[in-house]
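Open the structure in your viewer and keep the sequence panel beside it. The stops below say what to select next and what is there.

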Amino acid sequence: MHCTFCLTSLRPVLNWTSLFAEQKSELLCEECKSKLEFITGSRCSICSRPFSRIDSEYIRGSLCLDCYKWEQDPQWKGVLDGNTSIFVYNDFLKEIIALFKYRGDHKVARAFAAYFPKKTARGRVVSPIPLSEERLYERGFNQSEAILAYTHLGYKQLLSRVHGDKQSKISRQERLENTAVFSAANIEGCHAQHVLLVDDIYTTGATVRQAAKVLKNAGANTVISFTVAR
Ligand SMILES: [Zn+2]
Ligand SMILES: [Zn+2]
């Protein structure tokens with residue numbers, strides 16, 4: 001067996017603990033595991049941003065300043081009901097996610113899927129954030145769907161991309177104003193539903209909020225998201 005991230009070979013430790021250990025512990029070597037930073041302790045009650053990593057001036061009550069600003073805007077207030085992230089988006093994870101997205105390493109999806117909050121998915125329609133057709137063509141796969149495939153949970157694509165703007169190349173302001181990124185592909189599927197959106201990284205929160213807004217407009221009751229890194 002090899003470490004999913006760095007490919008060094010893993011020496012199997014044969015003892016009773018390892019026999020019953022969860023699968024995720026076998027996928028990564030100790031060094032890679034040590035470079036992953038779990039989000040722990042107090043955090044923003046909407047987006048999971050860990051408070052230990054930001055200055056107190058960027059905290060407003062139970063919210064980070066970003067979420068506070070979103071919630072002050074009547075257009076966006078209450079649109080996203082919450083976000084769970086597992087890891088801090090540090091330099092190591094940046095490398096891993098780049099490996100995953102641009103080199104299409106599906107084993108990375110398997111490593112991430114081991115951390116998927118299956119309990120949170122209960123009673124919810126799970127839907128990956130769709131890629132634009134252009135991106136899908138470039139990359140050959142949707143990274144959120146790849147993670148979901150390894151969770152063995154059922155999922156349904158509720159959204160489609162309206163146009164293929166390269167989100168990472170436009171400014172935050174443009175993203176904020178660009179609300180017509182998604183449309184609800186399966187509106188009946190959204191009605192009165194609780195939805196769990198899945199994406200790899202939560203950065204400004206614009207992507208998941210735009211998706212959540214479309215779903216809420218289509219009748220979804222609650223929309224939360226799972227992102228691997230924050
Ligand atoms: Zn490793
Ligand atoms: Zn927040």
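Is serine 48 buried or exposed? Select serine 48 and count its surroundings: the residue is classed as buried because it has 20 C-beta neighbours inside 10 Å, and 20 is the number from which a residue counts as buried. Bear in mind throughout that this is a predicted model. Serine 48 sits in the loop between α2 (30-35) and β1 (59-60). Its phi is positive, about 75°, although serine 48 is not a glycine.

Now go to leucine 7, in the segment before α1 (16-20). Here too phi is positive in a residue other than glycine, with a value near 70°. Leucine 7 has 11 other C-beta atoms within 10 Å and is therefore exposed, the limit for that class being 12 or fewer.

**The whole chain**

Zoom out and colour by secondary structure. There are 11 helices and eight strands. Of the 230 residues in the chain, 35% are buried. Among contacts with a separation of 6 or more, 74% join residues 24 or more positions apart.

**The sheet**

Select β3, β8, β7 and β4. These four strands form an open sheet in that order, with parallel pairing. The edges are β3 (82-87) and β4; each has a single partner strand, so one side of each has no neighbour in the sheet. On average, neighbouring strands of this sheet are turned by 20° against each other, direction ignored.

Walk across the sheet from β3. Five bridges join β3 to β8 in the parallel sense, and serine 85 has threonine 227 in β8 as its bridge partner. Next, β8 (residues 222-229) and β7 run parallel and share seven bridges. Valine 198 is paired there with phenylalanine 226 of β8. To follow the chain from β7 to β8, trace helix α11 (residues 206-217), which carries a right-handed β-α-β crossover.

Serine 127 stands opposite leucine 197 of β7.

Keep β7 (residues 194-201) selected: six of its eight residues are buried. Leaving aside residues up to four places away in sequence, leucine 197 touches Ser127, Ile129, Val208, Ala211, Ala212, Val223 and Ser225.

What are the residues with the most contacts to other members of the largest nonpolar core? They are Leu197, Ala211 and Leu215, in a core of 52 residues. Domain 1 (1-35) and domain 2 (37-229) both contribute residues to this core, so the core lies between them. As a general point, nonpolar side chains in soluble globular proteins tend to be buried together.

**Helices against the sheet**

Select α8 (143-151). It lies across β4 and β7, and runs at about 115° to β7.

Finish at helix α5 (residues 106-113), where Val108, Ala109, Ala111, Phe112 and Ala113 are buried.

Terms used: Residues numbered from 1 in each chain as written. Chains lettered and ligands numbered in written order. Predicted model: local features only at pLDDT ≥ 70, side-chain atom pairs only at ≥ 80, totals over all residues. Helix = DSSP H or I, 4+ residues; strand = E, 2+ residues; numbered from the N terminus. Pairing = 2+ DSSP bridges. Right-handed = clockwise from strand over helix to strand, strands pointing away. Core = buried A, V, L, I, M, F, W, Y, C linked by C-beta atoms within 7 Å. Domains from an automatic or database assignment. Contact = placed C-beta atoms within 7 Å. Axes fitted to C-alpha atoms, helices over the stretch in contact; angles between N-to-C directions.
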